[in-house]
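My entries are set down below in the order in which I looked.

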Amino acid sequence: MAPAVTGWVLGADSGGSGVRLALAPAEPGPSRVVRPVGPVLTGPPVSTGSGGIDAGHLLEQLVPAARHLLAHAPGTAGGAELRAVCVGAAGMATLGERLRAELPTALAAAFGAPRLLLAADAVTAYAGALGERSGAVIAAGTGLIAVGTDLVAWRRADGWGHLLGDCGGGAWIGRAGLEAALRQHDGRSGGSPALLARAQELFGPAAGLPGQLYPRTDRAAALASFAPEVAACAADDAVAAGILGRAAVHLADCAAAVCPTTPQAALAVTGGLVRLGEPLLGPLREELTARVPQARRADPAGDPLTGALLLASRLASGQLALPADPALLRTL
């Protein structure tokens, strides 16, 4: 019979597609992958405003979810406590001030002061993919950010959002594909008949695209929804293939900026953009070989939620190996 669990950790993964929360034992053993025990609860994306990430909105989801998970946790002995919490959130580096100010007091009131770790979502992606070894992770989804560490300090590249950066991410690819569609519509050079046809199937008449996209609060996600269309056209369309080739250059550029120079540094690519498959991954392999020859490609062991659980379990046991950083990984 498995021993009763007397302490739990909570991991939270908060990103553009929503929030996921789960529990794991506080002492899971030496594995670099910590899997959820019991259900994974989900919620809507946390809102942001002039004060940054809305701590109140996150707490409205986190506290009831944690209570539900603890109440229904399997194998729990009487009085099992929540020992540590790790929240990984998109925008933590630049928009996380309210979280840092408000979460500790609220969690203490609800759960008796569990230890708290706030992390950028790229750091939880790193921990999920590579654990606590040195290396680099390219987190490529709607946006694009890369982080790397030699276990002494962190390096970060991009992650500046779809208006200022996220070059090579899903929104960047989608926007480039829609630009090529509109070039074709106008009769300008650089246009693509295939991408124009796909854009009109997805969004309607080309002349209506600005009205479809500019007012949307989820504009980055709407742009990224066109990235799979670019990938679908790439085999037979030089313009689409060229967009993905340039995206691969941007991803490799970020990897080169953050990857440790030590031989055999681990390098993983994570995020929804991986699902675009060979039209992107083929050029990316070539670019990574050229730009970061010292890196050893690694398949991600887990996702950002398992990374948050790993970090929370290490915090609970006092064995956190990844370096602290004021913006990327902070214990409160």
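**Basis.** I am working with a predicted model, in which local features need pLDDT of at least 70 and side-chain atom pairs count only at pLDDT 80 or more, while totals for chains, interfaces and linings use all residues. Residues are numbered from 1 along each chain as its sequence is written, and side-chain values use heavy atoms, with hydrogens and water left out.

**Cores.** I looked first for nonpolar cores, meaning sets of buried Ala, Val, Leu, Ile, Met, Phe, Trp, Tyr and Cys residues joined through side-chain atoms within 4.5 Å; buried stands for under 20% relative accessible area, exposed for over 50% and partly exposed for what lies in between, with a 1.4 Å probe and protein chains only. The largest core has 63 residues, and L10, V87, L99 and L103 have the most contacts inside it. Helix α1 (residues 55-71) gives the largest share of this core, 8 residues; helices (H or I, at least four residues) and strands (E, at least two) are DSSP runs numbered from the N terminus. A second, separate core of 50 residues includes A234, L244, A265 and L288.

I then asked which residues L99 is in contact with, leaving aside its neighbours within four places in sequence. With contact taken as heavy atoms within 4.5 Å, I found I53, A55, L58, A89, M92, P104 and L118.

**Aromatic rings.** I found 2 aromatic pairs in the structure, where rings of Phe, Tyr and Trp (its six-membered ring) pair if their centres lie within 6.5 Å, and planes under 30 degrees apart count as stacked, over 60 as edge-to-face and the rest as tilted. Y126 and W154 form an edge-to-face pair, at 5.2 Å centre to centre and 85° between the planes. Y126 lies in helix α4 (residues 121-130) and W154 in strand β10 (residues 154-158), so this pair ties together parts that are 28 residues apart in sequence. Y126 counts as buried at 0% relative accessibility, and W154 counts as buried at 9%.

The rings of F203 and F226 have centres 6.4 Å apart and planes at 50°, so I noted this pair as tilted. F203 belongs to helix α6 (residues 193-203) and F226 to the loop between α8 (219-224) and α9 (227-233), 23 residues apart, and both residues are buried.

**Helix α10.** This helix (residues 238-258) has 21 residues and reaches 31 Å from its first C-alpha to its last, close to the 30 Å expected when 1.5 Å is multiplied by one less than the number of residues. Its buried residues are A240, I243, L244, A247, A248, L251, A252, C254, A255 and V258, and L244 is also one of the residues in the second core.

**Single residues.** S14 lies in strand β1 (residues 5-15) and counts as buried at 7% relative accessibility. Beyond its neighbours within four places in sequence, S14 is in contact with V19, V46, G88, A89 and A90.

Where does D166 lie? I placed D166 in the loop between β10 and α5 (170-186); its phi is near 55°, a positive value in a residue other than glycine, and D166 is buried, with a relative accessible area of 9%.

Q264 lies in the loop between α10 and β11 (265-270), and its phi is near 65°, again a positive value in a residue other than glycine. Buried or exposed, I asked of Q264? At 53% relative accessibility, Q264 counts as exposed.
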